[in-house]
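Hi there,

Here is the model I promised to pass on to you. My notes on it follow below.

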Amino acid sequence: MSSLRTPGGGRIDRAKPLSFRWDGQTYTGFAGDTLASALLANGIHLVGRSFKYHRPRGILAAGSEEPNGLVTVKRDAARETPNLRVTQVELYDGLEAISQNRWPSLQKDYGRINDLLSRFFPAGFYYKTFMWPKAAWKRVYEPVIRRAAGLGEAPTLPDPDRYAQRYAHCDVLVVGGGPAGIAAALAAADAGARVILCDEQSEFGGSLLAEPAARIDGEPALAWTARSLVALAGNPRVRLLPRTTAFGYFPHNFLGLNERLTEHLAQPAPGAARERLWQVRARAVVLATGAIERPLVFPGNDRPGILLAGAARTYLNRYGVKVGTSAVLVTADDAAYQAALDLHAAGTRVAAIADLRPAADGALPAAARAAGLKLITGATVLATEGDLRVESIDLGRVGTDGKVQPLERIACDVVLMSGGFNPSVHLYSQSRGKLAWSETHKAFLPGVSAECERSAGACHGVYGLAAALDDGYAAGAAAAPLPPEAPPRQPRRASVEAPPMSFDAYLGALPSAPTAAKDKAFVDWQHDVTTRDLALATREGFRSIEHVKRYTTTGMATDQGKTSNLNALAIVAETLNVPIPQVGLTSFRMPYTPTSFGSFAGASRGDLFDPLRKTPIHSWAVAHGAVFEPVSLWTRARYFPQGGEDMHAAVARECRAVREHCGIFDASTLGKIEVVGGGAAEFLNRLYINSWTYLGVGRSRYGILTREDGFVYDDGVVARTAPDRFHVTTTTGGAPRVLAMMEDYRQTEWTDLEVWLTSTTEQWAVIAVQGPEARRVLESLVGDLDIGAAALPHMAVVRGRICGVPMLLFRVSFTGELGFEVNVPADYGLAVWEAIYAAGRPFGMTPYGTEAMHVLRAEKGYIIVGQDTDGTMTPDDAGLGWAVGKSKSDFVGKRSLQRASMTAPTRKQLVGLRTRDPKTVLEEGAQLVESPGQKPPMRLLGHVTSSYFSAVLGHSIALAVVAGGRARLGQTLQVPMPGGDIPVEVTAPVFYDPTGARINV
Amino acid sequence: MLVIVCPYCGKRPEIEFSYGGQAHIARPSQPVDLDDQAWAEFLYMRSNTKGLYAERWRHSHGCGRFFNALRDTTTDHFTATYKTGEPQPEAAALRVPATVTP
């Protein structure tokens, strides 16, 4: 056993030694250790290099606030987790941990040169330095900064682990399992409440785990803790969640908890969930999150071996580890004396206690004097020495005149510091509760709550074990729901024996002599922010703490300034000579500590990332080798390659087949809405730009929907299937928003109309049969139904049966050929598709996908809303002005379309483009300009919206929107590209069969 | 995530709802009678209230109904939800949701 381990005591199991590796070396610890306590037991303080200056850094704290000890824990190639706080990594046998941000080694790191060059890296260094030359940013600065930035390295392999997620409801959620939290849980459970108690540590008890001498209600505090936990665990209405961090507090008492399930296990069971995300809705919340000890700001305060006094005491009493052999305590409060007394009793030499206060008269200082410890009051720290470990400390004394005189140099291998406590108000602040400055505590405390919430114990500014327990009992009792008419409960009270607490605290930088060493005094350890950086920021004119924070990056590291924020605030306040509350406070954000992406993602990965919508004909497309593409949430067949064809060859073949014979296309994804009722026609009149009153039953019309601002929102064919019934189709992606818009007007504006709206998208399978042979194919399947040109002209709709299945048949075309769309109930979709395909094979029927569909419709100049329109196009811009119902006094968007700017001839209008070289296919999104050879900035006339090679026409085609485009037919414009200008001729948007002769047959 | 009381279905989580902007803005009965200024006022101008705000929600993944709500934009607390067409409740008559103050 190492000489730094105490022979007994603490929460470790000395009978269970564990072997672990740190930077390749093997060491031993015990079950119950954290990686931090195990390293300290082996005499290791140096655990990392600082972010900016690469200064050697040691363990500062014992809890989740640790800013320095960020390490990578590696289980295997895929399970390599960076930036874990060494104080939160529980030791297991075979644990492998690696230090970060150093090269070639932790002991010898060439990055240290930054520390010597630090006067070239002041606050705002990036803003000031990387301004010029502009071209260097992308090639030089950014890659270098990216390489240098950050601490650990993200794993490159996919995360192989499973992450669980659960929802939970409770009457009272207690965050923090220290004395106040346990008391609150007990009181709430006593009142019959459903309680969840969570704590980020492996064991409940909080500060009691490091307080072996304390007694509660006549028994040792740890016995009281154990008994309380047994009582809570035995209550079926209570759930205990250890290793669970409440990382976020969201509106209406919704909290996110992250439970770590297997991180502490040497051999997690295969397939076991690694973490569990709890989303908890609590009727009431009790925050018992404790307080974090405040470090002191003095030159050289970041050497390994300098740590918080309370942390040293936790290592000693909870883990049986003496943090050093010779200690100097620097303190501004009484509580820290207990650390010196405990270490002294354990055999660590306490070389001196330097108290910043002019006098120290409490019970604990008296005990220290009685123990023969050297006590210096009115002290300050001038410097520390030591390279990879602190070796000595230079103390000074502040005279009555405020002047600092050097006092003495004291050799030591650890310095313990305490500047009082910062109540952990992070979650309270996230809940939008107002913080109030307490001059007594020299800290911000919870003020007026915004949620049904209360704080208890140290996070509430209630220090000392007895007071914290009473506060916890009261909070738990008040949070539990009272039955009506019940008398108010008398909360329990605790009787306690424990070391007393004082409210003394120190804020800001310690007084220092003008001759003091020039070493840096760190405020934010994790982001390497010093007193000089803060002073510089205020000198450069930053006044708001929000600006100072962003300029210096203080408090912006992953620890969110848990140890640094208040000192930074105090230094800025002092420099500006204003009271601290006037400087204000920066916001606390979730997560409280870094939370893994896996936990948020849960099962939503891979196939489960998004719901995938498949048509009834999907399996057929798979069996016929289709290549698919996502269209909103749908997956659609893009093309059907045959015999090693690439996409262009397949699409060319599919297009030719449709134009020459016939094609079959799965259009089931079309949005469909059934609009029914006596007011249906009037409803559509008011909504669509078209007029519907005189649309006969059995007829359909191409409808266009604009928003109230006059811009095209959606389009689709609308059929009247009965006097009071319309079958409305929408774009594939637009169905939900069109239905929502319809519902909005129906429910909130036109309540006079009798209309019902029903989404029928997934009830119908839609099979498009297109091409000169389409009618002959279908005739053989529809029995006696007359689908000839006279009985069923273009845009006619008829009910019938196909293969005995009820059918709604549309005579419509999105290809420019004779076309039908067969609508059958979805469950019959595949069977009918197969029957049509079998009947069509002798006619050369070819399945085609969305890519061929796009080419065919572009050849005809049919737009796709969202591709050829972009939310700033009127119907007239898109060449659809003919559709506007001229006689209608109103429709959604009409008034906007009457504004002068909406009818200006210079608006961008849809046109066609022909490249001079027929083989050149323009890039969609490419810009159009007037003349060749221009240099930026150029006047942009518009852009290409659709562009394909048309195998049928033998040349490329494109649709574009061009300013005043319809007046430019025949003009030559230029498409400037990296390879040079491409000349294009402006044409009408219809490239194929402009008279529509092929449709009307 | 907010808890929203649908006047038709009761308390439901926010993910079941979609937001509908400011409430009590009626579409003019004859938009063509408005000049550009008045139309723009209807179409684009919305208040950006700090405090109690009357707004529209739709229980889109529930009953599908639109309704109105009074929400404090500084705290996200709802003080009332009510059916479309009903008058906006008087703010003074509303009970502020109970919070346990420390």
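**Loops, folds and a helix pair**

A:Asn101 sits in the loop between β7 and α2 of chain A; helices (H or I, at least four residues) and strands (E, at least two) are DSSP runs, numbered from the N terminus. Before you go further, please note that this is a predicted model, in which local features need pLDDT of at least 70, side-chain atom pairs count only at pLDDT 80 or more, and totals for chains, interfaces and linings use all residues. Residues are numbered from 1 along each chain as its sequence is written, while chains are lettered from A and ligands numbered from 1 in the order in which they are written.

Back to A:Asn101: its phi is positive, about 55 degrees, although A:Asn101 is not a glycine. A:Asn101 is buried, with 20 other C-beta atoms within 10 Å (buried means 20 or more such atoms within 10 Å, exposed 12 or fewer, partly exposed in between, with C-beta atoms placed from the backbone). The loop between β7 (95–98) and α2 (113–116) of chain A also holds A:Pro104, and a cis peptide bond with omega of about 5 degrees joins A:Trp103 and A:Pro104.

Elsewhere, a cis peptide bond links A:Pro936 and A:Pro937, with omega about 0 degrees; A:Pro937 lies in the loop between β46 (927–928) and β47 (942–950) of chain A. A:Thr553, a residue other than glycine, has a positive phi near 65 degrees. A:Thr553 is in the loop between α13 (545–552) and α14 (565–576) of chain A and counts as buried, with 21 C-beta neighbours inside 10 Å.

The C-alpha trace of chain A spans about 115 × 75 × 55 Å along its principal axes.

Helix α18 (residues 647–660) of chain A packs against helix α23 (residues 850–859) of chain A at about 60 degrees, their axes 9 Å apart (axes are lines fitted to C-alpha atoms, for helices over the stretch in contact, and angles run from 0 to 180 degrees between N-to-C directions). That makes α18(A) oblique to α23(A): angles under 35 degrees count as roughly parallel, over 145 as roughly antiparallel, 65 to 115 as roughly perpendicular and the rest as oblique.

Best wishes
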